[in-house]
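Hello,

I am handing over the structure below. My notes on what was found in it follow.

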Amino acid sequence: MEFKHKSVLLQETISGLNIQPDGIYVDGTMGGAGHSKEIAKKISDKGLLIGIDRDEEAICVAKDRLKEFSNVKFVHDNHDNILKILDNLNLTGVDGILLDLGVSSYQLDERNRGFSYMGEANLDMRMDQSQKLTAKTVVNQYSEEEISKILWEYGEEKFSRRIARNICEYRKNKEIETTMELVQIIEKSVPRTNDGHPAKRTFQAIRIEVNDEIKPLYNTVKDCIQALNPGGRLCIITFHSLEDRAVKNAYIEASGNCTCPPGLPYCVCGAKSYGKIVTRKPILPTKEELNENTRSRSAKLRIFEKQ
């Protein structure tokens, strides 16, 4: 299957990075190289683009799509390991970092990967095919309480308890192996509404759990800011309220927001500023982009500048 992915907030992100021709830039979620290609176009032979992705298929596609550029390094890893990655490359700082979070259109559309609730596939949902934890493990080995908690926290699924209970009832007789088996369980647990497919929230929640997309994010944002050179910028695109909250809170802390009670004569909380938040409110897709790409509807771009 062709790796198709329409980059969200493309021009807004490239503008937000404030790219310098001889600078060093990191695309921590390279995917189909949509953002990366625009970055590569703007840097000189003295500049450098580091493309990171945990999906080996994405790395292969990106290498082909960026073959005309000689100043690109490809890294098969997780952006959560940004400091270790840069250390391995003998880099002490970079001039810009981009994180386009969530799942790519290719991963959703490639039914063999098990991300989609449309069609039959093995329950997988791994972005990194080398990791052990899969969606099959989650639905067959997690407790009813754990599954319910995941569906509520990561999917905001109102019927999380009912779905979890029915998953556990079903697996007493047979292991849940495919996406359609899971979809059928969900459809029997959730009343039909006009709010999209009944399995949408559950699949999102399990995907987030499998790929550990939320828990490390706050610290990842702080590590990215640490990795920036003075004047460098961090651009993060989120698609989920928990992602956006983690990014927003990390930016606030890094900007030195004092948390002391009002009335104290001086700050005692030890707040230290590492830079400024460029976007007080997140940048959202335009109406034109929403019309062209419905998957951009929940996207938010937040930008931080290192001092």
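Leaving aside residues up to four places away in sequence, C258 touches C267, C269 and A271. This is a predicted model, and that applies to everything below. C258 sits in the loop between helix 12 (241-254) and strand 6 (275-277). Its relative accessibility is 38%, which is why C258 counts as partly exposed. G270 lies 12 residues from C258 along the chain, and the C-alpha atoms of the two are separated by 7.9 Å.

The next item is helix 8, which spans residues 160-170. Its buried residues are S160, I163, A164, I167 and C168. These cover an arc of only 130° around the axis, so they lie on the same side of helix 8. Among the elements that cover the buried residues of helix 8 are helix 6 (135-141), helix 7 (144-155), helix 9 (179-189) and helix 10 (200-211).

The largest nonpolar core has 31 residues, and the members that touch the most others in it are I167, L182 and I206. At least two residues of this core come from each of helix 6, helix 7, helix 8, helix 9 and helix 10. Helix 10 gives the most, with 5 residues.

Which residues does L182 touch, not counting those up to four places away in sequence? They are L123, V139, I167, I176, F203 and I206.

There is also a second, separate core of 29 residues, including L91, I225, L234 and I236.

Regards

Technical notes:
Residues are numbered from 1 along each chain as its sequence is written. This is a predicted model: local features need pLDDT of at least 70, side-chain atom pairs count only at pLDDT 80 or more; totals for chains, interfaces and linings use all residues. Side-chain values use heavy atoms; hydrogens and water are left out. Buried means under 20% relative accessible area, exposed over 50%, partly exposed in between (1.4 Å probe, protein chains only). Helices (H or I, at least four residues) and strands (E, at least two) are DSSP runs, numbered from the N terminus. The arc is that of the directions from the helix axis to the C-beta atoms. Contact means heavy atoms within 4.5 Å. A nonpolar core is a set of buried Ala, Val, Leu, Ile, Met, Phe, Trp, Tyr and Cys residues joined through side-chain atoms within 4.5 Å.
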